[in-house]
Amino acid sequence: MAIYFISDLHLEPAQEAITRGFLSFLDSLHSAEGSLNDAEALYILGDFFEVWIGDDYTNEYIEVINQALQKCAAKGTKIYFMHGNRDFLIGKAWCDNAQCELLEESKLITLGNETILLMHGDSLCTDDVEYMKARFLLRNEQFQSQLLAKPIPERLEFAKKIRSESKESQKGKSYEIMDVNQEAVDKALSSAKCSTMIHGHTHRPNIHHWEFEGENRTRYVLGDWGDKGWFIKWQTGNELKLESFDL
Ligand code: MN
């Protein structure tokens, strides 16, 4: 059995290749005869959807994705979902419908003998002060419930507005500012009392090894889906592997 991690698919109807790639990725998680590669669990670490305006809004596209997740869960895969900065409004209703379990924003899991900290990754980008301010508001429960109380057309407008604002503000920012802050990474690992983390968000797929106060630490970064689809795979007795395939 294997465990898979994905993030930053940014699913939306305009992204046909990514959508097709995701549907076949889900299909590939199970073989008819059962194999070691079959997915025991799938962790979706945020920015699964490019935009989310509330569980009460659905369309044909969302339904296709929901059904694919339901099918995957019915084959025996436990699916977990963690919010990203695009789909932070996903709630329990969607998760229940899509057969996913909603995770808190930092989640510790155990793989074999190892404890792993899972995050979306945006909370580690503390050098981006402007973004951190926006995040504080967007993740505020009261702000979210006020937003969800607005009519759907108004929420669609709001989503459009924050997307274009975020694109605008990214233009003037350096590569370093938009990456994780090393101190924030070490702080997160120390307070979770573990030495390995998996996150997405930065769209910089990589595996980083370093030493902190005599401890070897590792940070696995998932890639965003575009020309390639990215995932991390774990199998009993094996290391975590960062893999990609053409879309
Ligand atoms: Mn993100």
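Predicted model: local features only at pLDDT ≥ 70, side-chain atom pairs only at ≥ 80, totals over all residues.
1. **Helix α2.** Residues 60–74 form this helix of 15 residues. From first C-alpha to last, α2 reaches 21 Å, close to the 21 Å expected at 1.5 Å a residue.

2. **Its buried side.** Y61, I62, I65, N66, A68, L69, C72 and A73 are buried. They lie on the same side of α2, because they cover an arc of only 160 degrees around the axis. An α-helix has 3.6 residues a turn, so residues three or four places apart point the same way. On the other side of α2, E60 and A74 are exposed.

3. **Packing partners.** The buried residues of α2 pack against two helices, α1 (16–28) and α3 (92–97). They also pack against strands β2 (39–44), β3 (78–81) and β4 (100–102).

4. **The ends of α2.** At the start, a side-chain oxygen of N59 comes to within 3.1 Å of the backbone nitrogen of Y61. Just after α2, G76 has a positive phi of about 110 degrees.

5. **E50 and R163.** The whole structure holds 18 salt bridges. One of them joins E50 to R163, at 3.2 Å from N to O. The partners sit 113 residues apart, E50 in the loop between β2 and α2 and R163 in helix α6 (residues 152–171). E50 counts as buried at 9% relative accessibility, while R163 is partly exposed at 22%. Shared partners join E12, E50, R86 and R163 into one network of salt bridges.

6. **Two further pairs.** R204 and D179 form a salt bridge, with their closest N and O atoms 3.2 Å apart. Both residues are buried. In the E215–R217 salt bridge, the closest N and O atoms are 2.6 Å apart. Here E215 is partly exposed at 32%, whereas R217 is buried at 4%.

Note on methods
Residues numbered from 1 in each chain as written. Heavy atoms only, no water. Helix = DSSP H or I, 4+ residues; strand = E, 2+ residues; numbered from the N terminus. Expected span 1.5 Å × (residues − 1). Buried < 20%, exposed > 50% of the residue type's maximum accessible area, 1.4 Å probe, protein only. Arc of directions from axis to C-beta. Contact = heavy atoms within 4.5 Å. Polar contact = N/O pair within 3.5 Å; in protein donor to acceptor, adjacent residues only side chain to side chain. Salt bridge = Lys/Arg side-chain N within 4 Å of Asp/Glu carboxyl O.
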